[in-house]
Amino acid sequence: MIIQSICLLDQLDKDLNTFAMRVREWYCWHFPELRELVKDNYLFARCAAFIQDRTSLTEDKLPELTEIVMDEDLAKQIVHASKLSMGMECSPVDMLNISQFTSRMVALAEYRKQLFQYLQEKMATVAPNLATLIGETVAARLISKAGSLTSLAKCPASTVQILGAEKALFRALKTKGNTPKYGLIYHSTFIGRAAAKNKGRISRYLANKCAIASRIDSFIEEPTTLYGEKLRDQVEERLNFYDTG
């Protein structure tokens, strides 16, 4: 279930980005000023689904619009911009199609949130220590790449470190170049916070702790996050040591 969930989550992210671009391009023919006022794709789609025809947006709808954008000043700017908009007029049929598409994109974004919540609950049951150490998303991707939690537990730390970077590894071996320092664990917050010169060292240390956490999760009888919290504290200490010297 975890493998299927994380694969679906990644696919939804790609699809939502594509749909968000389409919503922006489509609706901005009618209300181009909204593009500059609302930067977030999800909020833009919700605004477009709520406003629909910009000429129908009045002061009476301000409370509902404020609830969507969570900013009263921004809602007032949107209402003001709708009155002075340079966008073209839309026929009822065109607006109906735009409205249906934006509503479906919003529904898909809501489902994505529910799926992520389901993944968090599933990871808390199956691999609580690994999820506590590096986060649910990265942990789920590691399990998906390995094939199962048991397969991940059998992997040495050196394999966990470059899991997801197989192409770069074999290319480096073929050309006798430098091998990759990290694979999927690069998306962990620890790697992002480390200085450029320390990324390789912290990724090696983090992969070691991930291997320990996956083995604990694979063979422990009662799910607990205690080991994951201790391992995370150890990685934090090592990261601080690298930064401060």
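The C-alpha centres of domain 1 and domain 2 lie 37 Å apart, and I'd like to walk you through what joins these two in this predicted model. The bounds, from an automatic or database domain assignment, are 1–116 for domain 1 and 127–244 for domain 2. Residues are numbered from 1 along each chain as its sequence is written. Local features here need pLDDT of at least 70, side-chain atom pairs count only at pLDDT 80 or more, totals for chains, interfaces and linings use all residues, and side-chain values use heavy atoms, with hydrogens and water left out.

So, who takes part? With contact meaning heavy atoms within 4.5 Å, domain 1 supplies six residues and domain 2 supplies seven.

The size of an interface is often given as the accessible area lost when the parts come together. Here about 560 Å² is buried, with carbon and sulfur atoms giving 68%; that is accessible area (1.4 Å probe) lost on putting the two parts together, summed over both. Which residues of domain 1 lose the most area to domain 2? They are Ile-2, Ile-3 and Ile-6, together 69% of what that side buries.

Now for the charged part. The rule finds one salt bridge across the interface, that is, a side-chain nitrogen of Lys or Arg within 4 Å of a carboxyl oxygen of Asp or Glu. Arg-141 and Asp-10 form a salt bridge through their side chains, at 2.7 Å, N to O.

Finally, helix H1, residues 2–27, gives the most to the domain 1 side, with five residues; helices are DSSP runs (H or I, at least four residues), numbered from the N terminus.

Conventions:
Helices (H or I, at least four residues) and strands (E, at least two) are DSSP runs, numbered from the N terminus.
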